[in-house]
Structure formats: C-alpha cells, structure tokens
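Visitor: Hi! Could you walk me through this one?
Guide: Happy to, let's have it on screen.
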Amino acid sequence: MRTATYFFIFLNLSLAMFEEPAVYPLPFLVTSVLEVLCLLVFLGRLAHFATVTLHSVFWKDTKNICIMVAILLSLTDLAIYGVLRVYGVRSIRWSRIVRPIFLINFAESRQIRRAFRSIRNTLPEITYVFLLFMFSLLMFSLMALKLFGERNLQTAEGLPYFRNYLEIVFDLYVLVTTANSPDIMMPAFDFSSWYALFFIAFVIVNTYIFMSLFLAVVYNNYKKHLKVMLGGGVA
C-alpha cells in the first residue's frame, strides 16, 4: 500500500511536465484520465483510513480534511478547465499548487511531514535576521542612489545607471549572489576606481556576513526543531 501510494503521488506530481504548457505535452484526455485515476486512488486510500479509524478521530485529523479538500479542488478545476477547453477558452490549471498536499498529508509521509513542520517552525525565528538583511540592503541601495544617481552614468548598454531606487534594490539583491559581479560595478569603477570600495563593502557585509549568519540560524533552528519532533514522536 505504501509503495502504491508513493507511486500515484509521484505520478500526480509528474503530470505537470506533460500538461500545457509543458516540455513534453500530452493530449488533455490522457493527462486528465491519469489525474482522475490518481485522485480515485487517493480517495480510496482515504476511505481505507476511515474504515480502520474511529469516526471522531478521523474527522478531527486535519491531514484527512486537507486531502479531501485537495481532491475536491482538483476535480473542480479539472472540470472547469475541460469545459472551457471545449469552448476554446484558454485558462490555467490553478489546482496544481495543491498537489504537494498529497505528498505531505498521507500517513506514509510522516518523515516528510516532520521536515515540513521543522521548516515551518524555523521561519519565525529567522525573521529577525532576514529583516536585518533587508534593512542593510535598503540602506546600501539608498547610499548607491546618492552616490551614483547624480553622476549621469550609463551601463554598457547605454541605460541609466543607478537612478531608480527599486531597480537599485534589485541589482544589489542580485549582487548578494555575485551573479552580476563585477558587471554591476564597472560603470562606477570606470568613473572613479574609489567607488569599488562601496561594492567591496556591500559584498563583505551582505554576502559574507549576513548570508553566513542567515545560513547558521536556519541550520541550527531547523536541527533543533527536528530533534524535538523526532524525540517526541510527532506524526
């Protein structure tokens, strides 16, 4: 039963690769039949749980409620999409976002559920570090606007350089990953080599300090919550 459940969960998640828009598109009839088959298997597995569990316990378990709601939403979306397709109206399968619910909420997925709970419990504790990082990013962006916004500098493509605050925030956010380094620095560096100090300071503070701190906080808190759950035997 566990192997069969995992197989149909994997099949249900894999349908996204073959539904429009897809890299390997299959006819709508094929994907819809496979999805209905998966949903029927999930419904049968849920009915099996209901037969071996007290009704009061079954209906109080939020995992079962989530699975039933996900099945209902998927069937509703599939029916609406099929009707609109018949009339030639293009639409989006919005129910794809609920498919991971099946992976998390079945009893066979206890370890995945524990990991998901650990991630959820870790998020509030890393909020403070994330806010500090965002504050640093916004302050450096404001400094960049003041330093370069009035220099009438241009990028290699001839576009205005560091004159729009929101674009500066995005460019410096990308710089945290060093994906646009050193291209983002070159117009200012060509104007004056001293401006390189600004970008060096930004990378040191945000990439090497904040990202390392962020990773350490995430890892330690995740490990702590996971140990608590494993020790407590939370399902």
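Guide: One term before we start: a helix axis here is a line fitted to C-alpha atoms over the stretch in contact, and angles run from 0 to 180 degrees between N-to-C directions. Also, this is a predicted model.
Visitor: Thanks. At what angle do α6 and α7 pack?
Guide: Helix α6, residues 110–148, packs against helix α7, residues 165–176, at about 120°, and their axes are 9 Å apart. That makes α6 oblique to α7.
Visitor: And is the crossing left-handed or right-handed?
Guide: The crossing of α6 and α7 is right-handed.
Visitor: Nice. Which residues meet there?
Guide: From α6 you have Phe 133, Leu 137, Leu 138, Phe 140, Ser 141, Leu 142, Ala 144 and Leu 145. They meet Tyr 165, Ile 168, Val 169, Leu 172, Tyr 173 and Val 176 in α7.
Visitor: How do the residues of that contact divide into nonpolar, polar and charged?
Guide: The contact of α6 with α7 has 13 nonpolar residues, 1 polar and no charged.
Visitor: Switching topic: where does UniProt place the "transmembrane region" feature?
Guide: The UniProt entry, which is unreviewed, puts it at residues 26–44, 65–84, 126–145 and 194–219.
Visitor: What is the chain like over 126–145?
Guide: Residues 126–145 are 100% helix and 0% strand, with the end C-alpha atoms 29 Å apart. Residues 65–84 are also 100% helix and 0% strand, and their end C-alpha atoms are 29 Å apart.
Visitor: Last one: what domains is the protein divided into?
Guide: Domain 1 covers 1–108 and domain 2 covers 119–232. Taken over C-alpha atoms, the centres of domain 1 and domain 2 are separated by 39 Å.

Definitions and conventions. Residues numbered from 1 in each chain as written. Predicted model: local features only at pLDDT ≥ 70, side-chain atom pairs only at ≥ 80, totals over all residues. Heavy atoms only, no water. Helix = DSSP H or I, 4+ residues; strand = E, 2+ residues; numbered from the N terminus. Parallel < 35°, antiparallel > 145°, perpendicular 65-115°, else oblique. Left-handed = near helix turned anticlockwise from the far one by under 90°. Contact = heavy atoms within 4.5 Å. Nonpolar A, V, L, I, M, F, W, Y, C, P; charged D, E, K, R; others polar. Domains from an automatic or database assignment. UniProt positions renumbered as here; feature names shortened; annotations may be inferred.
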